[in-house]
Amino acid sequence: MPSPLTHDDPQEIGPYRPVARLGSGGMGTVYLARTAGGRTVALKTMHARIASDPACRTRFRLETDAARVVGERYGAGVVDADARAETPWLATEYVLGPPLDDAVALCGPLPERTVRALGAALCGALGQLHASDVVHRDLKPSNVLVTAYGPKVIDFGIARAAGDEHLTRVGAAVGTPAFMSPEQAGGQEHSAAGDVFALAGLLVFAATGHPPFGHGQAADLLYRVQYTDPDLTGVPEGLVPVLVPCLDKNPFRRPTTDWLAARLHDGAGEFADHLPDALLADIARRATEVWQVAPQRLPAPADVPGTAPTAAPARWTRRRLLLTGAGATAALTAAGAGAWAVTREAGGPKPQPAPGPSNSLLPRKQLDSIWQIQVRPDDLFADVMPQGQLHVVDNMVVTVATELTGVVAQTGHRQWSMSLMDSDWEVASDGRRLLGLGPSDDRRAGKAGGDPLLLASVNLLTGELADPTVSLNEFNGELVADQMVCTANGVAYVAAGRGKYVDTTFSAAQTWYLFAYDMDAGKLLWTKPLPARRPGSVRLYFLSGSVVGRHLVALQEADDGTVHAVVRDTRDGTVRWDRPLDGVKAGRVQQPLTADDHRLYVGAGRLRALRLGDGGVAWDTGTTRPGRTYGLPALKDGTLYAVEKGLGLVAFDPVSGRVKWEEKGGQGARADLNAAPVIGTEYAYSKRGSQLWAVGLSSGAPAHSYKTTGDRFIAHENAKAVIAQGGGFLAAFPLR
Amino acid sequence: MSVTEGATGVAAGGGPDAATASRRRVGPYTLITALDDARTKVPVPERRYIARSADGQHTVLLSLPHPGGDPHRFLTEAEGSRYLLGPCASPVTALAAPGEPAWCARPYLPALPLPTALAVHGGPLPERTVRALGVALAETLAVLHGQGLTFAGVSPAAVLLTADGPRLSCFGAVRAAAPDGTPRSGLPGLEAGSLPPEQASGGRPRPLGDVYALGATLAYAATGHTTPERDELPAALRTVVARCLTRDPGARPQLAELIDTLAGDAAAGSAADSAGLLVPGRLPGRVIAALAHQSAAVLTAETSVGTAPARPPRSRN
């Protein structure tokens, strides 16, 4: 989405007037710009200080030349360029379509018909380039824009004429390991056959959502590209024999683009006929949105400190969040704009990888997971924060440990990450949007002592705070125990306090409240006082909470250590009923609640069902299966599942508590009671030892297993993945 | 795979009309291309163009009366349409000053007239698209009737499809074509099948006439013509469209009932809602491709500059 111009963007560049920013990065800025005659273009500029390096200027010129060679059918048509200007610029058509990686993130793996049509059209593009003796050398999903009329290949930052030594040297440093050819990875000549290899890899990604040689650090990828077989898991059967020859390690054995095109697609129909609905809708949105951009220029910042990200504030204040978010995600903004991806790896200085192990991805073959990334250990706030929170939000997984991290569920791509050190920020999600709670840096002093409480939407693409954002100065946002209980239907349910900050959870000088805030209407719906907590209580007010219909269902710990189930009316916050749960330990239920329209299900000891209407016991295994112990339950399609100590998975009828089936085979005796099982359509997933076991729902027997370090598991239905968190890793396994 | 040509070629700046259009100026605007494709043979109450202001900053959908039409009545209706509310209303934002040749304009959005959409799609639109269209248009008319207005100009050509829903243009086309009391059948620009019989005979347009015209327009979307045989319509639409098209206004359904019928039928599985046609799957692929093609062509279009002194459009907002 285009963003407003900043105060120091130029008024004019060549014959163009910038209208909005499409993206920016180390090399330069891309604008949406217009001529005096109203022609709208994507205008790519190079910073004057970078252009002072003759090699960079040469590369800019080469990129322009290559873009002219590919032409407007298969590329972003070049309108005009001036590589000799003080700020060199290149004007191309504004392309109406997402980059392929965004398209896959949006739609999931693309249908075979789409992959075939896309592949055939890209063969045409490469054929035309190769016929002009130009090799792309950096073909990858982010460099292919998918329009309604066919793909367009962009970013010829390292394209070069075959055999041109000078240009080789200029472009030598760049390339993307995940889609490199083996010869390129080995430092050899990458010819037209190398582009065929990259194209096949790109089609594997389009068809499966994962690159052919997995994710990981550059060195690992370079090794795998050269020496291991591509991972074709998930590639439609009909495509395998077409793609395998293209992925031959020997460039001389690979077929030509004509051979490939003929086997991919017969040319029937229009390109748009082969696109999935979600992709078409995104194209339609882009075609329309560009006409709704109003020229806008941001004022100069009023105070210098606010623009100095190096100041490293101790708390994750709103300003810090915005700065961190903006810095970490400039590349994404540019990609979303759809025209050029200056900030991606292809051009100029690469974005600095975050220091430390948290950015590394492990090689996939050792782990059986779809993907696995390292996250910081999550034991620092174990007492206060529900350990290892995991949220499914839209197409993402958001983890809360010492960092708040947004990861694309399909690919494991770490979209953004923020440190939560020295901060008590909290998030909650209703599955579609993510809300954040924390201290505001609002200039107005909070009435409640300390900074006001900030409640905001979090932009899932960038991790930045987004509207609606509200600053509530009747609560102290600095208090450690301010808590986001849950959110549903646009309403945030928050526990927050008034009074002075202390560095423990509660103090006698504070008063506490539960309130409901309607984010969309911008209205405080109700506020109810909460009973005082003993100073020094280690846990927050709520162990877990969830909205079911008009019930706000919560588990709370009383000062005597007992756990209570408390149900409130979402309309006014009045307590409907409050029932102590004997035998339940607070530390074991700081996980998502299991409830349906009629009952709340509590495990971690006996398994019992409480009626939401009056809190009465619907059934209790203490009566029906005395002496047995259960982990946390999970509900799916009218069946309640829980792990029974010494036995394994047991399926219950949630209405009567009657047992539907018990796990067979004895292996379930090792099942971990602390992790709730995750239920798919064919299997239930439950942890045993260091393995995640899939137990067949129809057979009741363990079927296969994955190695895992996780101790929290949730289902991401859209990505068809079981997400695991724990042991410093976040990983995804197939959910079936 | 071929690129969609034909109707979108014209709509997007290709065809023969475009060559002449590009040299023409109307009020403060330079024409870029005609919006409608004459090859669809569906009458359009006004001449419509995509045009741009002299400074290049404002691209608009520009409407002019047909030659021989009454410019005064045209401007009266254009003036009236400035206040239209509703999700798919298309209020005019600028119009000709008194004494100037008549025109009116609204901000440009990529849009295909319904007849062009059918031509691009290669035939009648899918039922789920027709239902979504019907709900959005009926909701818009309901708001308008609540304002005490009658649209008097719903017809296939008046419906513009955009990515985020339909837009209803040609407000007051029936009133502009001839004053009340004058027979209106056969007048240029009025599509016979969507002209309610009581308005054709010269009656003053009333809200239930809009229901008739909406029924005819939905019939067009579902079959390709405004007076279909009963069997041509999808089964689920037959009864409700037929009731819209009864000669007796009193026997036509109320808009609320129409909305319920079109949106509520679970059998269609579409849960049509006014959230618009942007919902994935609601607009056919080739229609989206044509919208994207038009958008790209208009983005690329350059209007000549400096040929006449710029005069800002008179905005009456």
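The following conversation concerns a predicted model of a complex that includes chains A and B.

Reader: What ipTM and pTM does the predictor give the complex?
Author: The model is predicted, and the predictor assigns an ipTM of 0.87 and a pTM of 0.59 to the complex.

Reader: And what is the average pLDDT of chain A?
Author: Chain A has an average pLDDT of 80, with 83% of the residues scoring at least 70. Residues 158-174 of chain A stay under 50, although the model has 31 contacts for them beyond four places in sequence. The pLDDT is also below 50 over residues 378-387 of chain A, a stretch with 15 contacts beyond near neighbours in sequence.

Reader: What is the mean pLDDT of chain B, then?
Author: For chain B the mean pLDDT is 85, and 83% of its residues reach 70 or more. In chain B, pLDDT stays under 50 over residues 266-276, which have 24 contacts beyond four places in sequence in the model. Residues 306-317 of chain B also stay under 50, and there the model has 16 such contacts.

Reader: Turning to the fold, how many helices and strands has chain A?
Author: Chain A contains 13 helices and 41 strands. Of its 736 residues, 54% are buried. Among the contacts in chain A with a separation of 6 or more, 57% are between residues 24 or more positions apart.

Reader: How many residues of chain A are in contact with chain B?
Author: There are 32 residues of chain A in contact with 34 residues of chain B. The element of chain A that gives the most to this side is helix H11 (residues 277-289), with 9 residues.

Reader: And by class, what does that side of chain A have?
Author: The side of chain A that touches chain B has 17 nonpolar residues, together with 8 polar and 7 charged ones.

Reader: Staying with chain A, how many residues has helix H4?
Author: Helix H4 of chain A, residues 112-131, has 20 residues. From first C-alpha to last it reaches 28 Å, close to the 28 Å expected at 1.5 Å a residue. Just after H4(A), A:Asp133 takes a positive phi of about 60°.

Reader: Where is A:Leu199 placed?
Author: A:Leu199 lies in helix H7 of chain A, residues 192-208.

Reader: Is A:Leu199 buried or exposed?
Author: A:Leu199 is buried, because 26 other C-beta atoms lie within 10 Å, and the cut-off for a buried residue is 20 or more.

Reader: Which residues is A:Leu199 in contact with, its neighbours within four places in sequence aside?
Author: Those residues are A:Leu122, A:Leu126, A:Leu139 and A:Cys246. As for A:Leu247, it is 48 residues from A:Leu199 in sequence, and their C-alpha atoms are 9.2 Å apart in space.

Reader: Now chain B: at what angle do helices H4 and H11 pack?
Author: Helix H4 (residues 114-121) and helix H11 (residues 285-300) of chain B pack at about 115°, and their axes are 8 Å apart. The crossing of H4(B) and H11(B) is right-handed.

Reader: Which residues make that contact?
Author: H4(B) contributes B:Ala117, B:Val120 and B:His121, while H11(B) contributes B:Arg286, B:Val287 and B:Ala290. By class, the residues of the contact of H4(B) with H11(B) are 4 nonpolar, 1 polar and 1 charged.

Reader: Why is H11(B) described as largely enclosed?
Author: Of the 16 residues of H11(B), 15 are buried, so the helix is largely enclosed by the rest of the structure.

Reader: And what should H11(B) span at 1.5 Å a residue?
Author: The 16 residues of H11(B) should span 22 Å, which agrees with the 22 Å between its end C-alpha atoms.

Key: Residues numbered from 1 in each chain as written. Chains lettered and ligands numbered in written order. Predicted model: local features only at pLDDT ≥ 70, side-chain atom pairs only at ≥ 80, totals over all residues. Helix = DSSP H or I, 4+ residues; strand = E, 2+ residues; numbered from the N terminus. Buried ≥ 20, exposed ≤ 12 C-beta atoms within 10 Å, placed from the backbone. Contact = placed C-beta atoms within 7 Å. Nonpolar A, V, L, I, M, F, W, Y, C, P; charged D, E, K, R; others polar. Expected span 1.5 Å × (residues − 1). pLDDT = per-residue confidence, 0-100. Axes fitted to C-alpha atoms, helices over the stretch in contact; angles between N-to-C directions. Left-handed = near helix turned anticlockwise from the far one by under 90°.
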